[in-house]
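Biologist: Hi! Could you walk me through this model when you have a minute?

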Amino acid sequence: MEEFPKPPFERILFVCCNEREPGEDACANRGSAELQKKLKDYMKSKDLKGRCRISRAMCLGQCAVGPNVCVYPENVWYHHVTEKDLGEIQRRWIDSMCS
Ligand code: FES
């Protein structure tokens with residue numbers, strides 16, 4: 001293997017989109033796919049494609065408290081994320097890349 005000479009992205013937001021059977025603890029069962037799409041659309045609207053990614057993740061190991069989002073390289077994690085939290089996430093992690 002070869003190491004990238006520099007990280008290909010400045011920031012990645014991983015949104016757990018793991019699915020399980022209905023009624024089981026899983027972020028996708030609580031609407032995380034819609035959260036991921038909204039964050040991605042917002043990031044694209046800010047013309048950050050190529051610098052930032054909003055990635056769909058498999059299980060992040062915190063299923064009981066999902067939907068979960070984690071931000072790298074800062075290693076900041078959010079749990080119980082709802083649509084009303086997206087504004088704060090967008091401001092802190094996406095808008096801050098535009099200045
Ligand atoms: S299903 Fe999302 S953290 Fe496990």
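**How the helices pack**

Modeller: Happy to! This is a predicted model, and in it helix 1 and helix 2 cross in a right-handed way.

Biologist: Nice. Which residues of helix 1 and helix 2 make the contact?

Modeller: From helix 1 there are Leu35, Lys38, Leu39, Tyr42 and Met43, and they meet Leu86, Ile89, Gln90 and Ile94 of helix 2.

Biologist: And by class, what kinds of residues does that contact have?

Modeller: Seven residues in the contact of helix 1 with helix 2 are nonpolar, one is polar and one is charged.

Biologist: How would you describe two packed helices in general?

Modeller: You give the angle between their axes and the distance between the axes. Here, helix 1 covers residues 32-45 and helix 2 covers residues 86-94; their axes come within 11 Å and cross at roughly 40 degrees.

Biologist: Why do helix 1 and helix 2 count as oblique to each other?

Modeller: Angles under 35 degrees would be roughly parallel and 65 to 115 roughly perpendicular. The crossing angle is roughly 40 degrees, so helix 1 and helix 2 are oblique to each other.

Biologist: How far apart are Lys38 and Ser55?

Modeller: They are 17 residues apart in sequence, and 12 Å apart in space from C-alpha to C-alpha.

Biologist: New topic: where is Glu83 found?

Modeller: Glu83 is in the loop between strand 4 (76-78) and helix 2. It is exposed, with 10 other C-beta atoms within 10 Å. Glu83 and Met43 are 40 residues apart in sequence and 15 Å apart in space, again C-alpha to C-alpha.

Biologist: Let's zoom out. How many helices and strands are in the protein chain?

Modeller: The protein chain has two helices and four strands, and from the N terminus the order is β-α-β-β-β-α.

Biologist: And how compact is the protein chain?

Modeller: Its radius of gyration is 14 Å, close to the 13 Å that the globule rule gives for 99 residues, so the chain is as compact as a globular protein of that length. The C-alpha atoms fill a box of roughly 40 × 35 × 20 Å along the principal axes.

Biologist: What share of the residues counts as buried?

Modeller: That would be 22% of the 99 residues.

Biologist: Great, thanks!

Note on methods
Residues numbered from 1 in each chain as written. Predicted model: local features only at pLDDT ≥ 70, side-chain atom pairs only at ≥ 80, totals over all residues. Axes fitted to C-alpha atoms, helices over the stretch in contact; angles between N-to-C directions. Parallel < 35°, antiparallel > 145°, perpendicular 65-115°, else oblique. Left-handed = near helix turned anticlockwise from the far one by under 90°. Contact = placed C-beta atoms within 7 Å. Nonpolar A, V, L, I, M, F, W, Y, C, P; charged D, E, K, R; others polar. Rg over C-alpha atoms; globule rule 2.2 N^0.38 Å. Buried ≥ 20, exposed ≤ 12 C-beta atoms within 10 Å, placed from the backbone.
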